[in-house]
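This report is written for someone meeting the structure for the first time.

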Amino acid sequence: MKTLPELLESGVRDALRVLYDADGANQEITLQSTRKEFEGEFTVVTFPLTRLARKKPEVIAEEIGAYLQGNVDEVTGYNVIKGFLNLVIADRYWTKFLLDSAVAEGFGHVDGGKERVVVEFASPNTNKPLHLGHVRNILLGWATSQLLQAAGHDVVRVQIINDRGIAICKSMLAWERFGDGATPKSKGTKADHFVGGYYVLFEQRFQQEYAEWQQSDEAASVLAEKNTKDLSPEAFWKSFKNTYFNEYSDLGRAAKEMLLRWEKGDPETVALWNRMNGWVYEGFDETYERLGVTFDKVYYESQTYLLGKDMVEAGLDKGVFYRKDDGSVFADLSDTKLDQKALLRGDGTSLYITQDLGTARLRYDDFQAKRMVYTVGDEQNYHFQVLFELLKRLEEPYANGLFHLSYGMVDLPTGKMKSREGTVVDADDLMDEVIQEAYQSSLERDATSELNDTERREIIRKIGMAALKFQIIKVGPQKRMTFDPKESVDLQGQTGPYVQNAYVRTRAVWRKAGDRDLSAADQYRELQPAERELISQLYAYPTLLQDAAANYDPSVVAMFCYELAKNLHKFWHDVSILNAETEAAVAFRLQLCQAVGNVLRSGMGILGIDMPERM
RNA sequence: GGCUGCGUAGCUCAACUGGAUAGAGCACUUGACUACGAAUCAAGAGGUUUCAGGUUCGAAUCCUGACGCGGUCACCA
């Protein structure tokens, strides 16, 4: 069966041929949904048709409108405003569509049959707990993976955890030296926070050591000798910090030695590393569960950081990379404005980018997916441009299916989050706060007072999480966003709870309706404006999911849910459901509530937001 | 500085990828619960889309330049 846009488009082409004897085959027909303030559901823009028809836009619109009304069954009316032809679709088309298609469970979703796609998101380091930045990443990545799945793809969810390197060694060293054998259990601290605490402790001790050292004779001579730019002592010491860590610091040396021992596979070091990372994963898993996300496979950098060298060799054989005299390997990407990029060091060891080459291949071997999505912040745009270009030059079979799902950083009202300044918003704290907010708000209402404590807590959790998730996902991914944790999140207006409330209304009316004969629904004839609005919006849902998936953009699903909820609220206000004038109207409106409720639950489900039955 | 992204109501964000009078929410003002749930609805006010040119039937959107704010420019990850 043809869709409405298809019907209307071919109708317009017919009209062009019949009315103007013009071949419209190559003519783009601009069709859009009609703006709220005008009557109709679809609009044809006639400005572009003036050349074919050789008439004024208004005249063309009038003539095509008349033609469509006369020749296309689904069009029962039209109106013309300037060059815009607004078309009114028949009530019986809408009622049939609702009862035949839209009320069905799973409406809008496509079942399988498409490509397999790997979606990577989260991908934290193990030295500190998850924060607000990770939250955006995780929500975005999860929603996108759900969206791709709803659009019919076979989705594999993965993350790669950076579990090695100097950072985790700092935590290990601090724990070893200052920890007194404490464990998360003995301290009663969430395990990843426990480990993160030692990372912070290391930094504090290091700063202390550095400050003391600055008073020494050695420091005085370093200052005299190396402060060539004549900086103030404070400024110089700030810029000298890395050098100090690498060349003078006891703690720095100890951390680096630990890293070396780890790389050599020293059993004691590896055991400590396993123990501390194990704690971190325990904590991460709790946070992931609270956020409602899961992974099909977890990769660890400790297992992938040596990969990719063979691909570099292959690239050398192919002649797409070159080796310098000192033994280092480079790719010349200057023809694509990406400059020269190092792939192997002079000593033959690999780099970040090398590892990513290898990991891409590894994933392809694991899943045979020709599409892979990387959910990573926009600070790494350049990195991924280079990575994808390299994989293309290596002629990897999946090279054309790679997508960097880039998103903007999350700022606080006070500016950027800085771990040094302690302004980082912790993920677990944030969730606690929004749920607390939802709790306060629920105290002012009594809609759930007949439920027991467990049930109420569960509802409040759903409301708080909906507020948080919706607030973040509704913003387009590439946009940098400001998030105010103090005001936590709103529960009214353009929010998750607002959408939930619309859903809860559709459920409440059904509870009240009880068992009822709905067979009269198809006798319903004259649609109210609020009903037409809702149905034509439902009609757009399947296409919207496909478009959103093609653009990797869950924010449009969020905005759609909001608009649908808004129209449901208006409908609720404008018409009676159970007290409607006829039995047909009651039955039809109940079905409409059912369909809207289903779509709201579906759309919000894609975003990772649960719907309560009451609130 | 090179490359790159962004600049829309007091604030947080939209604008179907070039279409109508640039829309929502928050905050502010004002109405609506004896009603299927008021976490709701209705109304008001709020704009030279940073600025200056250009392209065309038509520009927040495309081009050029200026100003402002990010990101990135390691044989780091």
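## Helix 21 and helix 22

In this predicted model, Ala530, Glu531, Glu533, Leu534, Gln537, Leu538, Tyr541, Leu544, Leu545 and Ala548 of helix 21 are in contact with Val556, Val557, Phe560, Glu563, Leu564, Asn567, Leu568, Phe571 and Asp574 of helix 22, where contact means heavy atoms within 4.5 Å. Sorted by class, this contact holds 13 nonpolar, two polar and four charged residues; Ala, Val, Leu, Ile, Met, Phe, Trp, Tyr, Cys and Pro count as nonpolar, Asp, Glu, Lys and Arg as charged, and the others, Gly among them, as polar. Helices (H or I, at least four residues) and strands (E, at least two) are DSSP runs, numbered from the N terminus.

The axes of helix 21 (residues 529–550) and helix 22 (residues 555–574) come within 10 Å and cross at roughly 170 degrees, which means that helix 21 is roughly antiparallel to helix 22. Axes are lines fitted to C-alpha atoms, for helices over the stretch in contact, with angles running from 0 to 180 degrees between N-to-C directions; angles under 35 degrees count as roughly parallel, over 145 as roughly antiparallel, 65 to 115 as roughly perpendicular and the rest as oblique.

## The second largest pocket

Helix 21 also contributes the most to the lining of the second largest pocket, giving twelve residues.

On a 1 Å grid over the protein atoms alone, a pocket is an open set of points with protein on both sides within 12 Å along at least five of seven lines, a cavity is a set where a 1.4 Å probe fits but cannot get out, and lining residues have an atom within 4 Å of a point. Grid points are joined across faces, edges and corners, and a volume is the space filled by probe spheres set on the points.

The axes of helix 5 (residues 132–150) and helix 19 (residues 453–473) come within 10 Å and cross at roughly 80 degrees, so the two helices are roughly perpendicular to each other. Leu132, Val135, Arg136, Leu139 and Ala143 in helix 5 meet Lys469, Ile472 and Ile473 in helix 19.

One cavity of 30 Å³ or more is found in the whole structure, and the largest cavity has a volume of about 50 Å³. Its lining consists of Arg136, Leu140, Ile472, Ile473, Val475 and Pro477, with helix 5 and helix 19 as the elements that give two or more residues.

## His131

His131 is found in the loop between strand 5 (116–120) and helix 5. Leaving aside neighbours within four places in sequence, His131 is in contact with Met417, Val424, Val425, Asp426 and Ala427, and its C-alpha atom is separated by 9.0 Å from that of Asp429, 298 residues apart along the chain.

## Basis of the values

Residues are numbered from 1 along each chain as its sequence is written, while chains are lettered from A and ligands numbered from 1 in the order in which they are written. Local features need pLDDT of at least 70, side-chain atom pairs count only at pLDDT 80 or more, and totals for chains, interfaces and linings use all residues, while side-chain values use heavy atoms, with hydrogens and water left out.
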